[in-house]
Amino acid sequence: MIEASPVIESETAWAEARARVEVYLQALHLTNRAQQSRILSLVLDRAAARHAADTAASPVTLAMEELYNLSESWFSGLLDSQDRPEARGIVSLLAVDAAEKWPSAFLTEEVPSSLQRSVQKCDLRGAPELQLSRMVPEPFSTPLPESTLKQLARGFAPLTARLFAFVLSAASLFSSKPPR
Amino acid sequence: MVSRKPVDESLIADRRGVFFILNAFLWAFGAMLMAARISGHGWTPAAMGLFVLFLLLQAQIVYGFTIAVTGWWMLRRGGDPFRINQTLPADFVPSDLPVTAVIIPIFNEDVGRVFQGVRVMYESLAATGFGSSFDFYILSDSSDLSVWIEEEKAWFELCKQVDGFGHIFYRKRKVTLHHKSGNVADFCRRWGAKYPYLIVLDADSIMRGNLFVRLVALMEKNPIIGMIQTYSRPVLGQSLFQRVNQFASFAYGPLFSAGANFWQLDNASFYGHNAIIRVQPFMKFCAMPELPPSGRLGTRILSHDTVEAALIRRAGYEVWCDYDLEGSYEEGPPHLLASLKRDRRWCHGNMQHFWFLFCRGLTLPSRINILVGIMAYLGSPLWLLFLLFSPVMFIGGQVHARSAPLFICAMVLLFVPKLLAAERLVSNPGMLSLRHARWKFFASTVAEAIYSMLLAPILMLFYTRFVWSSFFGSGVGWGRQKRADSVGPAWSDCFMAHWAHTLLALVAGVLVGWFVPPMLPWFMMVLAGPLVSIPFTRFSASNGLGLAALRKGLFVIPEELQPPSELRAVQEPFGAFAGETLLKPDGYGEDYGLVQTILDPRTNALHISLLRERPKVSLETHERLVALCNLLLYDGPGALPLREKRMLLWDADAMIALHHRLWSSPLSDYHQWWREAFLEYLKRAPLQSA
């Protein structure tokens, strides 16, 4: 069995890391080639620097971690919020069609002000602010005495059975009678 | 509550007096004929039992007949002068409207259809110029995880396409207590205080924009009104079953609605959808109480609508049915078996309403509405008893000539409403403007009457079983409602559903033919339906037959001849999420939603951003979630039951962690299932560049 050399293994791992970042960007509709190259180079450079210090770490892990770190801090700035910035940021970019309107903006240091305004104007809440109030049922009440109610319950529940029994017994009574 | 009543109390009393005196007269007349018939035979215990059954059933038939006749008379006069719609001029355009909530409770529905419907209504409203006066809420109780995720994506896509962010909302309920009524109550508790009115729709409802506006204007004009129910017409049917039903609704619906309005006026019923509700009294008076414990009927009300109408009426608010407003639609179930599934639940709910016959403070008309609802199902076992019982009386005897008046009376009560409907269809100027041959309307009415004769005894047998199981059987669940089915039920399903009916009809036919031969022709009218029930259900589910009837001009409704733009638009497909879906559902089964949420960054981000903030979880819960994440990644989704997958999907931190871990690790780290899913995802990722 021929074992792959460490160099080839490493190249394969970096190729996988590169492909992973590329697909991730494409999934976010960030398909502009120039933008992709810039971000890939930024992410992979930072990952390579970390890899030099920790050779046991997988390039895929390092690259994706760098991408997450960069995007989280970029989205925090864009949204001016620390509340799940990455998720909300991605949704905001999709909502305002950022990939089409600001094709090179993602992960740039200078966020275009028009993009920032557009994102902050967009109300992406699934539901508005709560305005809580009460809706409490009144207990079921009836003018009938409780005992009568219980009797009714007992009587109504097997109503069908009783009707069947009544009709069948009446029918048997009738069948014993000679026809006129 | 200060308001002028739209109609005087004296007029209401007069109308109700006339209506119920007419009922009583016809009922007494039928009872007299029956008594005369029995007298010729002898008042045996069996005869007395038969007479009691007859009185109950006669009341039900007479009620339907009287409603149809008064409705026909009202329409013949050009419409009831006391319609709630008359309180505003026909061309009234409000200068301003308060913001109204439009709520759509959904449960595992066809996601594309629901959101396409919302799009159509939103755009129709925008065209009226009052779009900003309505907020749409899609209130999901979906238990299917994949449906949940599709709903989120569809909500986002819809908001993006129609610029509806901030006006179209999506809320998924974590604890789906008390089904639909609980879903609506949950909305009221959270956001009800923001709105004076809410319009409640079903998943398959469509309402035109100007109808939304009109309903709010009517509520503004009449502060004493608590609810206005519109008459929603079934449309867009393809199968023969749907097309006959929608034709029947078109032909008879106006008669029955106008007739019901004649006596109900300010005390109409509520059907639970396509209606507007005044929120404040609804919240104060219409929360569903627990019922007294009574065995299998249960204590939680399944059918809430009639009860809500009765409760809001008890509080002094009026309930009207605005039957003459156009533009309110719904879709019907595609075939008989799907329809029966819904009936099963309604039957149980209506049996529970029994308690409200004795509820303190309800008005008499509310109690009558409740009783009519109960009898809609309880009438079936009574009919069955009557039919089983009547031939027994004649064993060894003869069928008397005295039966003829009774028979004629029954035929008049049953078929005159159909004749009146046919007369209206062929003579009404509105119908003539549709340029559809009159004879086709008439032929459709005749064909529908034959169809109903076959269907009615089949329904009687099913409803009898439903009533029985409400009291003695297992509980009723809240299943997914089937609203479309291009294939229809298999022959085997039809056989399993109907074999007992066919056998019963065969045996009954042989027994009646053997012991009381003169009664056999009369009985065949009842036995024919169950005898052919298997092919009846199969063929009536056929889209081919439904469309063939349409081509021949049978069972045609105006919406098919001149479809409103909203109905055309709702049939168009709903666009996919942001252009494409990276994973195909095949091969993932019930885990399709989960795998998308974990793998796809957009779906993951959207899902997380829609989850509400949650207080910090306990250490125990945190450890449990971590363990579940590990199990999911290392052993695959098959290792987790649905409940635990749902638990993960509800936790934003878990979903973030799963997404990050999967994307940040070499594929070899996780279960084979994830490796294959991830590879497919990578393979399908779009490689185009701008």
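**Close-up 1. Pairing of B:P234 with B:E330 in a predicted model.** B:E330, a residue of β10(B), is the bridge partner of B:P234. The structure shown here is a predicted model. Strand β10 covers residues 328-330 of chain B, and 2 bridges join it to β7(B). These two strands run parallel.

**Close-up 2. The open sheet of chain B.** The sheet has 3 strands in the order β5-β10-β7 (chain B). Its pairing is mixed. At the edges are β5 (206-207) and β7 (233-234) of chain B, each of which pairs on one side only. In general, strands of a sheet pair through backbone hydrogen bonds, either parallel or antiparallel.

**Close-up 3. A nonpolar patch on the surface of chain B.** The patch is formed by B:F495, B:M496, B:W499, B:L503, B:L506, B:V507, B:L511, B:W514 and B:F515. Together these residues have about 1,000 Å² of accessible area. B:F495 is found in helix α15 of chain B, which spans residues 491-515. B:F495 counts as partly exposed because its relative accessibility is 44%, between the limits of 20% for buried and 50% for exposed.

**Close-up 4. The largest nonpolar core.** This core has 245 residues. Those with the most contacts inside it are A:L115, B:F115, B:F134, B:F136, B:W155, B:I168 and B:F187. Helix α2 (residues 45-76) of chain B gives the most to the core, with 14 residues. Another core, of 6 residues, lies apart from it and includes B:V512, B:V516, B:M519 and B:F523.

**Close-up 5. Surroundings of B:W155.** Leaving aside residues up to four places away in sequence, B:W155 touches A:L124, A:R125 and A:G126, among others. Its contacts in chain B include B:F115, B:F165, B:I168, B:F169, B:Y170, B:L606 and B:L610.

Technical notes. Residues are numbered from 1 along each chain as its sequence is written. Chains are lettered from A and ligands numbered from 1 in the order in which they are written. This is a predicted model: local features need pLDDT of at least 70, side-chain atom pairs count only at pLDDT 80 or more; totals for chains, interfaces and linings use all residues. Side-chain values use heavy atoms; hydrogens and water are left out. Two strands pair if DSSP finds at least two bridges between them. Helices (H or I, at least four residues) and strands (E, at least two) are DSSP runs, numbered from the N terminus. Patches are made of residues with over 30% relative accessible area and no salt bridge: like charges are joined within 9 Å, nonpolar side chains (Val, Leu, Ile, Met, Phe, Trp, Tyr) within 5 Å. Accessible areas come from the Shrake-Rupley method with a 1.4 Å probe; for residues, only the protein chains shown count as cover. A salt bridge is a side-chain nitrogen of Lys or Arg within 4 Å of a carboxyl oxygen of Asp or Glu. Buried means under 20% relative accessible area, exposed over 50%, partly exposed in between (1.4 Å probe, protein chains only). A nonpolar core is a set of buried Ala, Val, Leu, Ile, Met, Phe, Trp, Tyr and Cys residues joined through side-chain atoms within 4.5 Å. Contact means heavy atoms within 4.5 Å.
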